[in-house]
Amino acid sequence: MTTPLHTRIMDDLKAAMKAGDKEAVARLRGITAKLKDLDVEARARQAEVKEGDVHAALRSMIKSRTESAALYHKGGRPELAEKEEAEISTIKHYLPPEVDQATLEKAIGETIASTEAAGLKDMGRVMAALKERFGAALDAGKAGPLVKARLTQPN
């Protein structure tokens, strides 16, 4: 896999290794392991890994670490929660900035109107249009519930 993002992550890993930053190396190796899994999966399907696939994998990593951090906080293990939060910060560094809440809500309204979505059956069409509009900057995990709420509210 040779996406520009993959190259950037590998370069950062090499720099962290040279600097002797063991924590950064560990976090970056976690990311590269996930990317390697993506690459193996893509080769099995005889496909290429695209930048969007990498972004989706990174968002998935953030989601799982956010859940883990919440559990660690709840369980009284702040040191483990801090470790997860540091990993989240490192992963976010490689993602484009997310669409802010106000812009997202406005775009959802515009997209629902332009696609003439009338109910939950049209949610996929609205989400596809939003993904096309914002690309990797769209966090589908945040957009989905907002779209669903808008499509289910009475007119």
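Trainee: Helices are DSSP runs of H or I with at least four residues, numbered from the N terminus. With that settled, where does His55 lie?
Mentor: His55 lies in helix α3. Please keep in mind that this is a predicted model.

Trainee: Is His55 buried or exposed?
Mentor: His55 is buried, because its relative accessible area is 11% and the cut-off for buried is under 20%.

Trainee: And which residues does His55 touch?
Mentor: Not counting residues up to four places away in sequence, His55 touches Leu5, Tyr94, Leu95, Pro96 and Ala136.

Trainee: Let me step back to the whole chain. How many helices and strands are there?
Mentor: The chain has seven helices and zero strands. Read along the sequence, the pattern is α-α-α-α-α-α-α.

Trainee: What does the C-alpha trace span?
Mentor: Along its principal axes, the C-alpha trace of the chain spans about 60 × 45 × 25 Å.

Trainee: How many of the residues count as buried?
Mentor: The chain has 155 residues, and 35% of them count as buried.

Trainee: What share of the contacts comes from residues 24 or more positions apart?
Mentor: Among contacts in the chain with a separation of 6 or more, such residues account for 59%.

Trainee: Back to α3, then. At what angle do the axes of α2 and α3 cross?
Mentor: Helix α2 covers residues 22-44 and helix α3 covers residues 51-74; their axes come within 10 Å and cross at roughly 130 degrees. That angle makes α2 oblique to α3. The crossing in which α2 passes α3 is right-handed.

Trainee: Which residues make that contact of α2 and α3?
Mentor: On the α2 side they are Gly30, Ile31, Lys34, Leu35 and Leu38, and on the α3 side Asp53, Val54, Ala57, Leu58 and Met61. By class, this contact of α2 with α3 has seven nonpolar, one polar and two charged residues.

Trainee: What about α5 and α7, how do their axes cross?
Mentor: The axes of α5 and helix α7, which covers residues 140-152, come within 10 Å and cross at roughly 45 degrees. The two helices α5 and α7 are therefore oblique to each other. Their crossing is right-handed.

Trainee: And which residues of α5 and α7 are involved?
Mentor: Helix α5 contributes Gln101, Leu104, Glu105, Ile108, Gly109 and Ile112, while α7 contributes Ala143, Leu146, Val147, Arg150 and Leu151. Sorted by class, the contact of α5 with α7 has seven nonpolar, two polar and two charged residues.

Trainee: New topic: how many salt bridges does the structure hold?
Mentor: The structure holds 10 salt bridges. One of them pairs Glu98 with Arg59, with the closest N and O atoms 3.4 Å apart.

Trainee: Where do Glu98 and Arg59 sit in the chain?
Mentor: Glu98 is in the loop between α4 (78-92) and α5 (101-115), and Arg59 is in helix α3. The pair links distant parts of the chain, as the two residues are 39 residues apart.

Trainee: Which of the two is buried? I mean Arg59 or Glu98.
Mentor: Arg59 counts as buried, at 15% relative accessibility. Glu98 is partly exposed, with a relative accessible area of 33%.

Trainee: Which residues are linked with Arg59 and Glu98 in a network?
Mentor: Lys142 joins them: Arg59, Glu98 and Lys142 are linked in a network of salt bridges.

Trainee: Which residue forms a salt bridge with Lys121?
Mentor: Asp122 does, with the closest N and O atoms 3.4 Å apart. Asp122 also takes part in a salt bridge with Arg125, where the closest N and O atoms are 2.6 Å apart.

Trainee: Is Asp122 buried or exposed?
Mentor: Asp122 counts as buried, at 9% relative accessibility. Lys121 is exposed, at a relative accessible area of 70%, and Arg125 counts as partly exposed, at 41%.

Trainee: How far apart in space are Ala81 and Glu116?
Mentor: From C-alpha to C-alpha, Ala81 and Glu116 are 43 Å apart in space, and they are 35 residues apart in sequence.

Notes. Residues are numbered from 1 along each chain as its sequence is written. This is a predicted model: local features need pLDDT of at least 70, side-chain atom pairs count only at pLDDT 80 or more; totals for chains, interfaces and linings use all residues. Side-chain values use heavy atoms; hydrogens and water are left out. Axes are lines fitted to C-alpha atoms, for helices over the stretch in contact, and angles run from 0 to 180 degrees between N-to-C directions. Angles under 35 degrees count as roughly parallel, over 145 as roughly antiparallel, 65 to 115 as roughly perpendicular and the rest as oblique. A crossing is left-handed if the near helix is turned anticlockwise from the far one by less than a right angle, and right-handed if clockwise. Contact means heavy atoms within 4.5 Å. Ala, Val, Leu, Ile, Met, Phe, Trp, Tyr, Cys and Pro count as nonpolar, Asp, Glu, Lys and Arg as charged, and the others, Gly among them, as polar. A salt bridge is a side-chain nitrogen of Lys or Arg within 4 Å of a carboxyl oxygen of Asp or Glu. Buried means under 20% relative accessible area, exposed over 50%, partly exposed in between (1.4 Å probe, protein chains only).
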